[in-house]
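Please keep the sequence and the structure in view while reading.

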Amino acid sequence: MVPASVTGADMSRGGRPSRCLASSSAPQGLPARPQGRRRSRGPRVAALGRAERGVVVVVRAKPKVRKGSKAPRPFEISVERARTTARRRNRGDGDDGGKSNTKEGKEEGSPAQTQTVTVVGGPGPSKGAAASSPRKILFRRIVRRLANLKFAIGEIAVLAFMSALGTALEQNKAPDYYTSQLVEGHPIASDILGNVVLLLGFDHMYSSPLYLGLCALLTSSLMACSYNTQWPMVKVAQRWRFIEDPARVLKMSASHSIAAFSEGPSPTSGALAVKKASSVLRSKGYETFVKPAEDGRGEVLYAFKGLSGKFAPIGVHVSMVLVVLGASVSTTCGWHGSVMIEEGKEAPVREAMAPNSVLARLAGRPYRDEETGREINLRLNDFKIDYYPDGKVEQFYSDLSVTEGDGGADSRPEFTKLISVNNPLRFGSLTAYQTDWAVSGATVEVRVDSNAGGILSGAGGQGEDAGGVEEATATTSDSFEVFVPMVSLEGRLGEVGGRIWGGVLPVFVGGDGLGSSGDITNFTLVARDLQNVGVYGPDGQFKGIRRPGSNRELEVGPVTIKVLSLSSSSGLELKSDPGVPIVYTGFAFLMLTTVLSYVSHSQVWAHGSQDGELAIGGTTNRAKKEFQNEVGDVVRDLKAQLQG
């Protein structure tokens with residue numbers, strides 16, 4: 001028996017040899033095991049190698065290695081050598097047609113031989129390295145899974161379905177609405193589906209944890225695809241790859257072979273042709289690189305253009321990430337609210353707005369002035385509507401002022417702007433949109449015949465604070481101005497549809513005239529817009545229509561009515577949306593990268609040999625027909641220069 005010593009063995013997992021790194025001396029006929037992939041960790045058996053002449057060596061060892069030991073410690077293992085029958089390939093000229101017959105196995109009657117081998121076991125892998133390897137493997141698996149195209153398409157499909165469901169389903173309603181009115185006429189179905197909607201948070205779909213979680217998952221998939229697929233492609237495209245074999249160049253789809261001489265070949269004909277080809281390609285917008293061939297016989301060229309097109313997919317992914325991120329920031333860190341302001345009055349912004357989540361309070365408070373820190377109010381100075389000649393509404397305008405203070409006489413305007421639809425007011429982080437309007441009341445002039453006399457009084461009390469008209473007494477033929485509040489009657493008049501407002505003008509008439517017993521006579525004022533007011537008598541019959549400010553009177557018995565003006569209210573949508581700049585940036589970047597994605601990445605190779613032959617060819621990732629025409633133009637220009 002000949003002892004052997006194997007040094008540099010990597011010991012792990014209880015000390016069994018996992019890899020044989022080097023061998024200073026091996027048993028007779030035993031070659032060192034080549035470095036390679038680690039074998040399966042099953043039984044404590046490792047085949048170190050295959051000897052020449054069909055000798056197989058099997059190692060069995062169970063050494064004891066002290067944990068934490070850093071110094072190498074030798075141990076002995078037993079080696080069993082058994083002679084085997086090598087594979088033989090029978091080749092001949094017989095009927096088998098050159099077929100081979102392979103057999104392998106132990107030779108019968110050959111005794112097993114045993115020898116002792118001393119192995120020096122070094123320290124195993126460090127604790128940090130052993131711990132990092134599984135994490136890296138897990139990270140790569142997760143990245144590959146997230147970068148899967150089918151998985152990403154599934155995410156987008158689910159997000160699209162949830163977005164459509166959020167559009168069809170009423171959002172931010174009271175819980176009773178979902179449990180009782182979600183399915184009209186089916187209270188049981190409404191109760192079941194409503195509880196499901198509330199449980200999943202679909203009553204506020206775009207801020208629900210499920211929706212935001214899917215947005216985060218889609219963002220991770222986009223980043224994983226860029227990291228795992230797109231960025232490696234860009235790195236490959238950035239490399240200068242010269243092709244030394246002209247035959248490979250001529251196998252490309254757009255390739256040509258031309259003679260690089262006019263009178264006769266020379267040793268410098270190929271190099272000169274390559275330089276001229278470089279000049280022509282540069283005029284076409286290519287970046288060119290030339291170097292001598294490795295065999296020293298001629299020169300080779302590599303040229304490319306359109307590398308920005310390789311960055312376009314990464315840019316598209318980044319833009320989509322920005323859009324999703326901006327929408328998520330708006331949903332979680334924004335404020336929202338709505339308010340209806342009458343002309344000449346103010347509304348505190350703080351009372352009209354509410355945060356979308358707890359994070360919104362940390363992001364900022366839009367109801368405060370960023371410079372002074374004081375709370376702000378919105379004052380409606382004026383509201384008007386522009387109409388087309390046929391009477392249809394053209395545009396709504398609200399003259400708004402931003403004031404500070406408690407809304408009293410001491411408040412002063414800090415900022416004033418005339419807003420309209422799609423032209424909002426922006427003050428700090430607050431944005432006010434024009435979304436609605438209403439008729440708040442009518443100012444009329446009333447005159448009662450002196451013989452009848454009359455009193456104007458409001459139902460349920462006196463004055464505007466009581467919800468009625470102002471009180472006025474008419475004992476002569478003098479007129480009085482009265483403000484009549486109006487409310488929306490939309491959906492309350494049966495078949496009469498559309499937006500409509502109405503108010504009641506009560507007149508107490510005494511004497512022998514109308515209402516001789518002293519009864520109250522009610523006149524009804526109706527308006528559909530700010531252009532006309534209809535007047536109905538106490539019997540409900542239509543009495544006439546008047547345009548505000550026309551100074552035309554309408555007599556109904558002893559009462560004369562003149563419509564002076566209509567007062568209106570402006571409906572504003574208030575928002576503080578910190579994610580809007582991120583979304584706009586994402587869409588702008590998306591448009592830019594979409595244009596870049598149409599840029600073709602084209603590559604051209606050329607090989608000029610000493611015998612005067614020039615092989616030129618190239619490939620592109622899109623617009624292949626145009627690229628073939630471009631290569632043809634390059635060849636024609638090159639031939640013209642060579643012949644000249």
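## Helix pairs

Helices H8 and H11 cross in a left-handed manner. The model in which they are seen is a predicted one. H8 covers residues 308-333 and H11 covers residues 580-596. Sorted by class, the residues in the contact of H8 with H11 are 14 nonpolar and 9 polar, with no charged residues.

A second pair consists of helix H7 (residues 269-283) and helix H12 (residues 624-643). The axes of H7 and H12 come within 10 Å and cross at roughly 130°. That angle makes H7 oblique to H12. The crossing of H7 with H12 is right-handed. On the H7 side, the residues that meet H12 are Ala273, Lys276, Ala277, Val280 and Leu281. On the H12 side, they are Val634, Asp637, Leu638, Gln641 and Leu642. By class, this contact of H7 with H12 has 7 nonpolar, 1 polar and 2 charged residues.

In general, two packed helices are described by the angle between their axes and the distance between the axes.

## The chain as a whole

The chain has 12 helices and 30 strands. It holds 644 residues, of which 38% count as buried. Among contacts with a separation of 6 or more, 60% are between residues 24 or more positions apart.

How many disulfides does a search of the whole structure find? The search finds 0. A disulfide is a covalent bond between the sulfur atoms of two cysteines.

Ser226 belongs to helix H5, which runs over residues 209-237. Ser226 has a relative accessible area of 10% and is therefore buried, since buried means under 20%. Leaving out residues up to four places away in sequence, Ser226 touches Trp231, Pro232, Ile314 and His317.

Phe383 sits in strand E14 (residues 376-387). With a relative accessible area of 4%, Phe383 is buried. Which residues are in contact with Phe383, leaving aside its neighbours within four places in sequence? They are Glu343, Phe396, Tyr397, Ser398, Gln434, Trp437, Leu530, Ser568 and Ser570. Phe383 can also be compared in position with Ile341: the two are 42 residues apart in sequence, and their C-alpha atoms are 10.0 Å apart in space.

Most residues other than glycine have a negative phi. Asn172 is not a glycine, yet its phi is positive, at about 60°. Asn551 is not a glycine either, and its phi is positive, at about 65°. Asn172 is in the loop between helix H2 (149-168) and helix H3 (175-180). Asn551 is in the loop between strand E26 (542-546) and strand E27 (553-556).

Are these two residues buried or exposed? The table gives the values.

| Residue | Relative accessible area | State |
|---|---|---|
| Asn172 | 61% | exposed |
| Asn551 | 56% | exposed |

Asn172 and Asn551 both count as exposed, because exposed means over 50% relative accessible area.

Key. Residues numbered from 1 in each chain as written. Predicted model: local features only at pLDDT ≥ 70, side-chain atom pairs only at ≥ 80, totals over all residues. Heavy atoms only, no water. Disulfide = S-S within 2.5 Å. Axes fitted to C-alpha atoms, helices over the stretch in contact; angles between N-to-C directions. Helix = DSSP H or I, 4+ residues; strand = E, 2+ residues; numbered from the N terminus. Parallel < 35°, antiparallel > 145°, perpendicular 65-115°, else oblique. Left-handed = near helix turned anticlockwise from the far one by under 90°. Contact = heavy atoms within 4.5 Å. Nonpolar A, V, L, I, M, F, W, Y, C, P; charged D, E, K, R; others polar. Buried < 20%, exposed > 50% of the residue type's maximum accessible area, 1.4 Å probe, protein only.
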